[in-house]
Amino acid sequence: MSIQANIHKFKEELGEDVTLVAVSKTKLVSDLMQAYEAGQRVFGENKVQEMEAKWSEMPKDIQWHMIGHVQRNKVKYMAPFVSLIEAVDSKRLLKEVNKQAKKNDRTIRCLLQIKIAEEDSKFGLSTEEAKELLASDAFKEYKNVSVVGLMGMATFTDNEAQLRSEFSKLKRLFDDFSKTHPAFEILSMGMSGDYKIAIEEGSNMVRVGSAIFGERDTH
Ligand SMILES: *Cc1c(COP(=O)(O)O)cnc(C)c1O
């Protein structure tokens, strides 16, 4: 199927309640524009410079989500335009986002990335670390960031029971934080291979790359 047809299929399948992030990392602007012409306005990238290059070339009504690990010295390049930073995995990163947001006279929305996969993934906060961050005095000082939810990546597996258990664990944490953090509204979980299960377990934002744009060249 074409990129346009894939976008239409996903929009229809997901409806109004689940936001589709079209993960366009490694893809050419011409591919992204096909998705744009099909009505897609939310794109996800995992490298700051690549996202900045695409932002400068593409229409300005696009919402750009940073979905990958970010080095603190790169935050300044996306601070003027990024719509949602999905993978905040440390207090030091959040502090830098706050600083750069302030310089740009804006508030940047962020999600905390939580480790839910069984495999020892490099990035993401543990439940305890996330709790500690949200309860810290430093966090209350960050007036130019708004933490609006959580993001997680499940283990790369076909084992449905395992996927469900990882997603439902994140959903419970999200519900728990939502009680004390009224700004919480986004639970980003699910990718091409597991988005259906993620939605059944409570996701309201899915990050879909290969099922829209085709397989990526590995790099
Ligand atoms: C690449 C990526 C995706 C999309 O993966 P697909 O399997 O191609 O849908 C989603 N989330 C993150 C964080 C990614 O890096």
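Trainee: Which space is taken by the ligand?
Mentor: The ligand takes the space of the largest pocket; sitting there means that more than half of its atoms lie within 2 Å of the pocket's grid points. A pocket is an open set of points on a 1 Å grid over the protein atoms alone, where a 1.4 Å probe fits, with protein on both sides within 12 Å along at least five of seven lines. This is a predicted model: local features need pLDDT of at least 70, side-chain atom pairs count only at pLDDT 80 or more, and totals for chains, interfaces and linings use all residues. Residues are numbered from 1 along each chain as its sequence is written, and side-chain values use heavy atoms, with hydrogens and water left out.
Trainee: Which elements give two or more residues to the shell around the ligand?
Mentor: Strand 6 and strand 8 do; strands are DSSP E runs of at least two residues, numbered from the N terminus.
Trainee: And which polar atoms lie by the ligand's oxygen and nitrogen atoms?
Mentor: A polar side-chain atom of R207 is 2.9 Å from a ligand nitrogen. For ligand oxygen atoms, a polar backbone atom of G209 lies at 2.8 Å, and a polar side-chain atom of R216 at 2.8 Å.
Trainee: How much of the ligand's accessible area does the protein cover?
Mentor: The protein covers 90% of the 390 Å² that the ligand has on its own, by the Shrake-Rupley method with a 1.4 Å probe.
Trainee: Back to the pocket, how much space lies in it?
Mentor: About 910 Å³, counted as the space filled by probe spheres set on the points, which are joined across faces, edges and corners. Of its 38 lining residues, those closest to the centre are K25, M153, A154, M191 and R207; lining means having an atom within 4 Å of a point.

How values were computed: Polar contact = N/O pair within 3.5 Å; in protein donor to acceptor, adjacent residues only side chain to side chain. Helix = DSSP H or I, 4+ residues; strand = E, 2+ residues; numbered from the N terminus.
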